[in-house]
Amino acid sequence: MKEYVEILKSIFDPVAIFLKDEEFVVVVKDEKTVQDAVKKLSETIDDDISLMILSNDEYEKMKDKVLGERLL
């Protein structure tokens with residue numbers, strides 16, 4: 001688990017990372033690079049992981065909802 005968090009941090013440069021029901025929620029600063037980051041992630045991790053990516057604006061709107069345990 002810790003390894004995945006480190007990989008997500010290095011690839012996405014996230015504002016926050018949450019884990020809920022085995023799904024990672026990654027909040028990114030800049031949506032422009034998400035597509036390249038997802039491609040890099042798929043090349044880095046062989047395992048299947050569940051991932052939701054939120055922009056900072058989307059995160060602000062969902063802040064009141066339970067996004068899971070905050071890992072970063």
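Phe18 is buried, with a relative accessible area of 7%, where buried means under 20% relative accessible area, exposed over 50% and partly exposed in between (1.4 Å probe, protein chains only). The model is a predicted one, in which local features need pLDDT of at least 70 and side-chain atom pairs count only at pLDDT 80 or more, while totals for chains, interfaces and linings use all residues. Residues are numbered from 1 along each chain as its sequence is written, and side-chain values use heavy atoms, with hydrogens and water left out.

A pair of aromatic rings is described by the distance of the centres and the angle of the planes. Rings of Phe, Tyr and Trp (its six-membered ring) pair if their centres lie within 6.5 Å, and the planes count as stacked when under 30 degrees apart, as edge-to-face when over 60 and as tilted for the rest. A search of the whole structure finds 2 aromatic pairs. Tyr4 is buried at a relative accessible area of 18%, and Phe24 counts as buried at 3%. Phe18 and Tyr59 form a tilted aromatic pair, 6.0 Å centre to centre and with 35° between the planes. Here too the pair links distant parts of the chain: Phe18 belongs to strand 1 and Tyr59 to helix 3 (residues 56-62), 41 residues apart. Tyr59 is buried as well, with a relative accessible area of 8%.

In total, 4 strands form an open sheet in the order 3-2-1-4, with mixed pairing; two strands pair if DSSP finds at least two bridges between them. Strand 3 (50-55) and strand 4 (69-70) stand at the edges with a single partner strand each, so one side of each has no neighbour in the sheet. Strand 1 is mostly covered, since 5 of its 7 residues are buried. Its pairing with strand 2 is antiparallel and extends over 6 bridges, with Lys20 opposite Glu23 in strand 2. In the hairpin of these two strands, which has 2 residues between the strands, Asp21 takes a positive phi near 50°. Strand 1 and strand 4 also run antiparallel and are joined by 2 bridges. Across this pairing, Phe18 stands opposite Arg70 and Leu19 stands opposite Glu69.

Pro14 also lies in strand 1 (residues 14-20) and counts as buried at 10% relative accessibility. Leaving aside residues up to four places away in sequence, Pro14 touches Leu8, Lys9, Val26, Val27 and Leu72, where contact means heavy atoms within 4.5 Å. The C-alpha atoms of Pro14 and Ile53 are separated by 9.6 Å, although these residues are 39 residues apart along the chain.

Helix 1 and helix 2 (34-44) pack at an angle of about 145°, with their axes 9 Å apart. These axes are lines fitted to C-alpha atoms, for helices over the stretch in contact, and angles run from 0 to 180 degrees between N-to-C directions. The contact is made by Ile7, Leu8, Ile11 and Phe12 of helix 1 and by Val34, Ala37, Val38, Lys40, Leu41 and Thr44 of helix 2.

Charged side chains complete the picture. Side chains of opposite charge can pair when their charged atoms come close. A salt bridge is a side-chain nitrogen of Lys or Arg within 4 Å of a carboxyl oxygen of Asp or Glu, and a search of the whole structure finds 2 salt bridges. The side chains of Lys9 and Glu6 meet in one of them, at 3.4 Å from N to O. Both residues lie in helix 1, 3 residues apart, about one turn of the helix. Lys9 is partly exposed at a relative accessible area of 32%, and Glu6 counts as partly exposed at 40%. Lys29 forms a salt bridge with Asp13, and their closest N and O atoms are 3.3 Å apart. This pair links distant parts of the chain, with Lys29 in the loop between strand 2 and helix 2 and Asp13 in the loop between helix 1 and strand 1, 16 residues apart. Lys29 is exposed, with a relative accessible area of 53%, whereas Asp13 counts as partly exposed at 46%.
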